[in-house]
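Please read it alongside the sequence and the structure shown here.

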Amino acid sequence: MPHLEISDLITVTDPLSGARLPVRRGDVVRLLQESGDPRAARIVAGLPAGRDDVLDPLAVDRLMIGVHTEMQRLSEELRIGERLVHVLGPLFEAIREIAGRRGRFRLVDIGSGLGYLVRWLAATGALGPNVELIGVDLDAALVAEADRLARAEGLDCRFVHGNAFDLPEIATVYVSTGVLHHFRGPALTEFFEAQADSQALAFCHFDIAATRLAPVGAWMFHRARMRHPLGRHDGVVSALRAHTDDTLLRAATVPGIRPLLYEPRGLSNPFCTTLRPVLGIRPYLEDPLRLAMGRASRRLVGAEQLSRPGAAR
Ligand SMILES: C[S@@+](CC[C@H](N)C(=O)[O-])C[C@H]1O[C@@H](n2cnc3c(N)ncnc32)[C@H](O)[C@@H]1O
């Protein structure tokens with residue numbers, strides 16, 4: 001049975017025009033029942049809809065903003081910003097080295113949601129000067145709320161409505177958090193290919209590590225910290241949908257890119273690892289990146305290390 005996230009089903013956007021499409025509550029309830037998830041079906045059955053059974057778009061927007069606000073609190077608690085900068089800091093250090101310490105760079109966060117990462121980076125200046133910060137998301141309501149929060153906080157960053165498969169913003173480095181598991185099969189490779197075909201020097205996408213503990217850990221954290229049943233449900237399903245090391249490295253093996261995994265399963269402590277990234281870098285960046293990472297670069301591995309007999313899996 002496929003694992004389905006409610007948030008993917010109740011917000012549907014036309015990929016070409018970006019316009020919001022009407023979603024019939026009964027259709028979503030039926031789909032979730034057929035996928036063997038009666039609990040999710042009950043959650044959707046309780047959402048407000050009009051006489052035509054179309055889900056109330058304003059209520060759905062409010063719900064998505066509420067759930068993402070709870071997700072932000074969880075990210076704050078897990079110190080996700082610091083964990084990301086542990087890898088993104090050396091990556092920008094390596095890029096600066098190659099650029100002769102000059103130039104302006106741009107980080108684009110794909111599927112930025114409420115923009116926690118971009119706003120945290122803008123607030124802390126953790127990547128140093130000359131890094132423009134932009135978030136892109138398919139959900140217009142989340143983009144508008146991320147923008148409102150950034151303005152209220154007086155932050156130097158911006159948010160754009162757009163699709164990961166037709167990116168509206170060029171970048172030096174593309175990043176994402178908690179987005180990869182939404183892309184399945186050929187879409188995962190297409191996602192990496194689009195970035196490899198651009199002028200970007202690297203991508204660095206963080207998602208839930210597919211450890212055996214991930215669904216249990218997700219259940220505990222979301223149960224303890226999130227109030228809305230949709231957030232609790234989707235949090236656990238995300239962990240069940242996390243891609244394996246092999247799937248990520250295979251999908252990121254695209255022309256012009258050196259694919260690397262930071263802290264693959266066998267090298268990480270499953271009690272400490274929540275999010276970890278798959279990286280794709282231009283091959284000439286690998287040595288400067290390893291130098292900038294120091295001892296931590298031992299945790300950065302390519303497919304050849306993972307496939308060696310006895311290697312970490
Ligand atoms: C689980 S949320 C993660 C949000 C945010 N990165 C965070 O960590 O809080 C996944 C996000 O990806 C966005 N998304 C899904 N498909 C997308 C696509 N094709 N293009 C852009 N954004 C997308 C959703 O709208 C949602 O905001």
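Is Pro 48 buried, partly exposed or exposed? Pro 48 has a relative accessible area of 44% and is therefore partly exposed, where buried means under 20% relative accessible area, exposed means over 50% and partly exposed lies in between (1.4 Å probe, protein chains only).

The model is predicted, so local features need pLDDT of at least 70 and side-chain atom pairs count only at pLDDT 80 or more, while totals for chains, interfaces and linings use all residues. Residues are numbered from 1 along each chain as its sequence is written, and side-chain values use heavy atoms, with hydrogens and water left out.

**Overall fold**

- The protein contains 13 helices and 10 strands; these are DSSP runs numbered from the N terminus, with helices (H or I) of at least four residues and strands (E) of at least two.
- Along the principal axes, the C-alpha atoms fill a box of roughly 60 × 45 × 35 Å.
- Among contacts (heavy atoms within 4.5 Å) with a separation of 6 or more, 74% join residues 24 or more positions apart.

**Interior**

- Buried residues account for 52% of the 313 residues.
- The largest nonpolar core has 70 residues, of which Ile 10, Leu 91, Leu 107 and Leu 279 touch the most other members; such a core is a set of buried Ala, Val, Leu, Ile, Met, Phe, Trp, Tyr and Cys residues joined through side-chain atoms within 4.5 Å.
- Helix H5 (residues 80-98) gives the most to this core, with nine residues.
- A second, separate core of 27 residues includes Ile 134, Phe 183, Ala 252 and Val 254.
- Beyond its neighbours within four places in sequence, Ile 10 has contacts that include Val 23, Leu 55, Val 60 and Leu 230.

**Two loop positions**

- Pro 48 lies in the loop between helix H3 (38-45) and helix H4 (57-77).
- Not counting residues up to four places away in sequence, Pro 48 touches Arg 25, Leu 55, Asp 56 and Ala 59.
- Leu 213 is placed in the loop between strand S7 (202-208) and helix H9 (214-225), and it counts as partly exposed at 32% relative accessibility.
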